[in-house]
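Please prepare a briefing on the fold, strand pairing and side-chain packing of the protein shown below.

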Amino acid sequence: MLNVRHKAMSPSSNRISHISVAAVVVIAAGAIVSFYFGKALHRPAIVHAQLKVEPFLLERTLSERSSSGSLSPSLVVTIARRSDGTTATVESVGPLASPRFVRKLTFLDGRVLSLVDSMRIKSTGPRLSEEEAGSLIQSLTVPPPDCGAKTPELLRHDTYSGQEVAVIQSLIPNKYRVTYWMAPKLGCEALYYTTEEIHADGTFTLVSEAKTSRLVLGDPDPRFFDLGEAFEEVKPSEARRRLLEDLNLKLSPEELRRFEDESREADRRYRRGRRELP
């Protein structure tokens with residue numbers, strides 16, 4: 001699910017690769033904003049009322065290699081973080097010519113809320129686990145300068161968009177090489193990252209890159225954090241169905257099976273976090 005972790009992105013193999021994946025943002029469960037290479041972090045002994053993190057607004061565009069071999073924009077992400085650590089992630093769904101947007105709120109106490117403002121619908125939770133919430137708090141309040149990476153993953157320290165960054169590289173063996181420019185001051189958010197396909201002869205081909213187009217320090221517009229109190233609460237599968245219908249997309253049988261499988265799994269996690277549901 002659009003976890004709002006950064007994922008290696010391969011060239012799209014069908015019409016709805018981003019729509020199907022991005023729509024899953026509606027039911028993000030346990031997604032942690034910062035990517036820490038699976039490093040186990042522990043809940044620090046910090047009182048929530050005393051927490052204060054670096055607030056910012058970041059806009060990032062992902063471009064992927066098209067069939068012609070050129071990179072084309074395919075996904076837009078806006079990340080807004082308040083000084084109390086609450087993070088809003090707004091991600092485009094569907095073609096960028098006429099996208100829809102899913103907004104996900106993550107709170108330091110573990111609450112998660114995903115909303116589609118244009119449809120006035122939302123899906124609540126499930127909450128982050130205690131370990132995930134603790135990791136999130138630590139990543140935002142006391143992020144290590146290397147963002148949790150060690151040699152050989154940590155390539156160097158550098159600057160990007162006026163921020164000090166750790167340049168970190170991760171390999172998906174025999175498939176992809178992913179390189180991140182991560183800003184410790186911003187909770188190790190990636191300001192830039194690339195995905196390269198690994199070929200049998202040891203060469204690489206750039207298949208996607210995500211660039212920061214805007215970065216503003218300071219508390220973002222409060223509207224990013226609106227709770228949608230009057231919105232209709234729906235299961236993730238229903239939110240996904242309505243998004244797909246609104247985008248007027250027709251899926252192939254294979255795409256439909258994948259879409260339905262993802263929806264069932266999303267609903268399973270949703271019910272697990274809301275025990276009163278059947």
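## Briefing on the predicted model

Among contacts in the protein (heavy atoms within 4.5 Å) between residues at least 6 apart in sequence, 58% join residues at least 24 apart. This is a predicted model, in which local features need pLDDT of at least 70 and side-chain atom pairs count only at pLDDT 80 or more, while totals for chains, interfaces and linings use all residues. Residues are numbered from 1 along each chain as its sequence is written, and side-chain values use heavy atoms, with hydrogens and water left out. The protein has 4 helices and 12 strands, these being DSSP runs numbered from the N terminus (helices H or I, at least four residues; strands E, at least two). Of its 278 residues, 49% are buried, where buried means under 20% relative accessible area, exposed over 50% and partly exposed in between, with a 1.4 Å probe and protein chains only.

**Sheet and strand pairing**

- The 12 strands of an open sheet follow the order E7-E8-E9-E10-E11-E1-E2-E3-E4-E5-E6-E12, with mixed pairing; two strands pair if DSSP finds at least two bridges between them.
- Strand E7 (154–160) and strand E12 (232–233) are at the edges with a single partner strand each, so one side of each has no neighbour in the sheet.
- Strand E1 (residues 56–65) is largely enclosed by the rest of the structure, because 7 of its 10 residues are buried.
- On one side, E1 pairs with strand E2 (residues 71–81) in the antiparallel sense over 10 bridges, and Arg60 stands opposite Val77 in E2.
- The hairpin of E1 and E2 has 5 residues between the strands, and in it Gly69 takes a positive phi near 95 degrees.
- E1 also pairs with strand E11 (residues 204–217) in the antiparallel sense, over 9 bridges, with Leu58 opposite Leu215 in E11.
- Strand E5 (residues 112–116) and strand E6 (residues 121–124) run antiparallel and are joined by 4 bridges, with Leu115 opposite Lys122 in E6.

**Helix packing on the sheet**

- Helix H3 (residues 236–247) lies across strand E3 (87–93), strand E4 (100–106), E5, E6 and E12, and runs at about 155 degrees to E4; axes are lines fitted to C-alpha atoms, for helices over the stretch in contact, and angles run from 0 to 180 degrees between N-to-C directions.

**Nonpolar core**

- The largest nonpolar core has 25 residues, of which Val165, Ile168, Tyr180, Met182, Leu191 and Tyr193 touch the most other members; such a core is a set of buried Ala, Val, Leu, Ile, Met, Phe, Trp, Tyr and Cys residues joined through side-chain atoms within 4.5 Å.
- E1, E2, strand E8 (163–172), strand E9 (176–183) and strand E10 (189–198) are the elements that give two or more residues to this core, and E9 gives the most, with 5 residues.
- Not counting residues up to four places away in sequence, Leu191 touches residues including Leu58, Tyr160, Val165, Trp181 and Ala210.

**Thr194**

- Thr194 lies in strand E10 and counts as buried, at 8% relative accessibility.
- Leaving aside neighbours within four places in sequence, Thr194 is in contact with Arg177, Val178, Thr179, Trp181, Leu206, Ser208 and Glu209.

**Charges over rings**

- The charged end of Arg111 sits over the ring of Phe107, 4.0 Å from its centre, and that of Arg240 over the ring of Phe259, 4.3 Å from its centre; the criterion is NZ of Lys or CZ of Arg within 6 Å of the ring centre and within 35 degrees of the ring normal.
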